Amino acid sequence: MVEEAVLNAAAVAVDPDEVLAYTRALIAAKSENPGGTEDQAAVVASDILSGLDATPEIVRSEAGRPSVVASLGPETGPSLAWNGHLDVVPAGSLDTWRHDPWAGEIDDDGHLVGRGAADMKGPIGAALAAASALRRAGTPLTGSLVFHLAADEELAGVHGTKVLWERGLLTQDAAIVGEPSELQVGLAERGGAWFTATAFGKAAHGSQPHRGVNAITSMARFLLRLSEVLPDIEHPLVGRPTVNAALIAGGSAPNVVPDRCEVDIDRRTVPGETDPDAVRAPFLTLVGSLRAEHPEVEIEVRLREWTDAAEASPDTGIARIAVGAVGAVTGSRPEMVGFTGITDARFYINQANVPTVICGPGSLSVAHTADKRMPVDELVAGARAYARMFAASLT
Ligand SMILES: [Zn+2]
């Protein structure tokens, strides 16, 4: 057991001005995905890490996207990874923002506002400021704190944390993924199965529709019963699976019976749903049942992309440390929660088999909306909680 005095000294050494300064510098370094690169943000993060006496390295994907890897403390002894993504979703139309999305202004209710304030430049600023606090407090590290500041999380992480895993860098004893969880302790997340459904019909002149088969009509029948593809299951942390028709295309001209209609379908899975064929099967059952009533219906359903759901054990050292750290800083014991979205935590949990928690300041319900907001109090509490987690894991 690490002494309470050591943990407290690390948390107290967090400087709120430094947390804000780091976060603002990161927000100002645009890294929209899609539409840009993480290079500016990688430079800002590397400069901060160099100032903490780390030697940051840039690991590039084949497409050239940068992730920053840096280690503090001795290489021997226990190791802890802290992961955050450098990319943000695009700011979109500036008309929807009341504040400059890249300025990191504080609004009248004490929220830091900006693209990525919550998801997740705030959490990165908090983690870097926590590392700085450990140095200031003179916390005697017996192991290494390894930052994985990754590219490309918002579009499934294939150019970011996945690359770190492929290059053999996810070897730590435990990991914290700092996605905004309102400082609750995240232990599970849903996965995704992206399907393309294609309805085939028969073209005919629009003035004689009875001579053709309308593929859009077939697809409409299918989509109206789409919820039937969901199994009746519920996970205690992430809830139920969902399905969403996301994108549609069909038809060729206003006076032609369409012979083809295509829809991209986003089916979100829960931990335990590990077999793509089993997830696809109810789509085929639905097509079969439609054909019984409407024999002209012809629909093919193809799996385009599969992302595993993930679930970490609550019974690990890092889970206990995270619960203790958040409880000590906020005064209330955090809840165990699940994420409805997909995060890079799955690479640590599923691929690298590293005990992992998802924990960060800020709310995901405000992420991806205009005026992303982060309560400054919660941001600083996040930095103090991280300082305790780092000290508890590495001293
Ligand atoms: Zn995120």
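**View A. Glu57 stands opposite Val69 in strand S2.** Strand S1 (residues 57-60) and strand S2 (residues 66-72) run antiparallel and are joined by four bridges. Strands are DSSP runs of E with at least two residues, helices are runs of H or I with at least four, and both are numbered from the N terminus. Two strands pair if DSSP finds at least two bridges between them. Five residues lie between the strands of this hairpin, where Gly64 takes a positive phi near 90°.

The model is predicted: local features need pLDDT of at least 70, side-chain atom pairs count only at pLDDT 80 or more, and totals for chains, interfaces and linings use all residues. Residues are numbered from 1 along each chain as its sequence is written, and side-chain values use heavy atoms, with hydrogens and water left out.

**View B. Helix H4 (residues 121-137) packs on helix H10 (residues 376-394) at an angle of about 50°, with the axes 8 Å apart.** From H4, the contact (heavy atoms within 4.5 Å) includes Gly122, Pro123 and Leu134. From H10, Leu379, Tyr386 and Phe390 are among the residues in contact.

**View C. Phe195 and Phe283 form a tilted aromatic pair.** Their ring centres are 4.6 Å apart, with 45° between the planes. Rings of Phe, Tyr and Trp (its six-membered ring) pair if their centres lie within 6.5 Å; planes under 30 degrees apart count as stacked, over 60 as edge-to-face and the rest as tilted. Phe195 sits in strand S9 (residues 191-200) and Phe283 in helix H7 (residues 276-293), 88 residues apart.

Note on methods: Axes are lines fitted to C-alpha atoms, for helices over the stretch in contact, and angles run from 0 to 180 degrees between N-to-C directions.
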